[in-house]
Amino acid sequence: MSLFVWISFLVFVVVMLALDLGVFNRKSHEIKVKEALLWSAFWIFLALLFNAGIYLFDCPDSKQKALDFFTAYLLEKSLSMDNLFVFILIFGFFKIEPKYQHKILFWGIVGALIMRAAFIFGGLALIARFQWVMYLFGVFLIYSGIHILLEKENKEFNPNKNIAIRLFRKLMPVADSNDTGKFFVRIDKKLHATTFFIALLFIEVSDLIFAIDSVPAVLSVSNDSFIVFTSNIFAILGLRALYFAVAGVMRYFRYLKYALAGILSFIGVKMCLNELANELNYNIHISNVVSLGVIVGLLLVSIVLSAVIKDALERRGNGDV
């Protein structure tokens, strides 16, 4: 893509973020499900509109690039669901009021955009220089999938035990009050961070961890920097609205972790097999059409199972899911 296209896309992102914080959400307020659904639909519409633009773009492989974008977007969107569970735990642990959650998520998304850009271009540079890195990414994704599958659900969640949070608390005093909606306050003329900032910091640390999984996964779809970058950005931009839209129905995603484990493992196997086929000059590859089908299939099965089993438990008089 030309420099003009890159600059235009970045300007679009900056303008949308500025409108979001400076106009549509200038005042702190609790985002209701209806508003969140409308924003989610808006971001999805923009992503699909952008996808259509790639499809109609006058270049020989525009159709393939459009398929790559859609697959990468859906993959990133599905993997980002894990972030939503962490957001719920963070806001619950720090007792962040709903009217302030949007502000924290906004700046969390901004940080995530910067980190994802660094990871994506760093990953592409590694692949261009050392092709064997594809095997490393593939094996790591398989390991991540197995780790998610075997991870205990009831383990203690305490952000204050995180090494980054503990280090920050040693470097700067933290005020326990969280009723101001500010990231920093002055107490006795000394600057203190608030629990709002600690929540934001933990969100950034969490996204850094999630990026280690999602970026290699999306690189399995395409090595085109523009496709990989834009699909990631669109998925992240809609993540905040998606959180408010689905936070109240998370019980219907009880088995989502199994779908994510399957997706990561499948993508890891795909990366290794496709790279091996390239080295052996075999014209047999797992296409992005197959990847798209696997991603959609696993997500649908996990959601249907979650809903069906929940309803069955409730009919037996056991609503504890």
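**Reading helices and surfaces in a predicted model**

Author: Welcome! Of the protein's 321 residues, 48% count as buried, where buried means under 20% relative accessible area, exposed over 50% and partly exposed in between (1.4 Å probe, protein chains only). This is a predicted model, in which local features need pLDDT of at least 70, side-chain atom pairs count only at pLDDT 80 or more, and totals for chains, interfaces and linings use all residues. Residues are numbered from 1 along each chain as its sequence is written, and side-chain values use heavy atoms, with hydrogens and water left out.

Reader: Thanks! How many helices and strands does the protein have?

Author: There are 12 helices and three strands. Helices (H or I, at least four residues) and strands (E, at least two) are DSSP runs, numbered from the N terminus.

Reader: How do I read the packing of helix 2 and helix 10?

Author: Two packed helices are described by the angle between their axes and the distance between the axes. Here, the axes of helix 2 (residues 33–56) and helix 10 (residues 239–246) come within 8 Å and cross at roughly 145°. Axes are lines fitted to C-alpha atoms, for helices over the stretch in contact, and angles run from 0 to 180 degrees between N-to-C directions.

Reader: Which residues meet there?

Author: From helix 2, Val33, Ala36, Leu37, Trp39, Ser40 and Trp43 meet Ala241, Leu242, Phe244 and Ala245 of helix 10; contact means heavy atoms within 4.5 Å.

Reader: Why does Val269 count as partly exposed?

Author: Because its relative accessibility is 36%. Val269 sits in helix 11 (residues 256–279). Val269 and Tyr135 are 134 residues apart in sequence and 9.1 Å apart in space, C-alpha to C-alpha.
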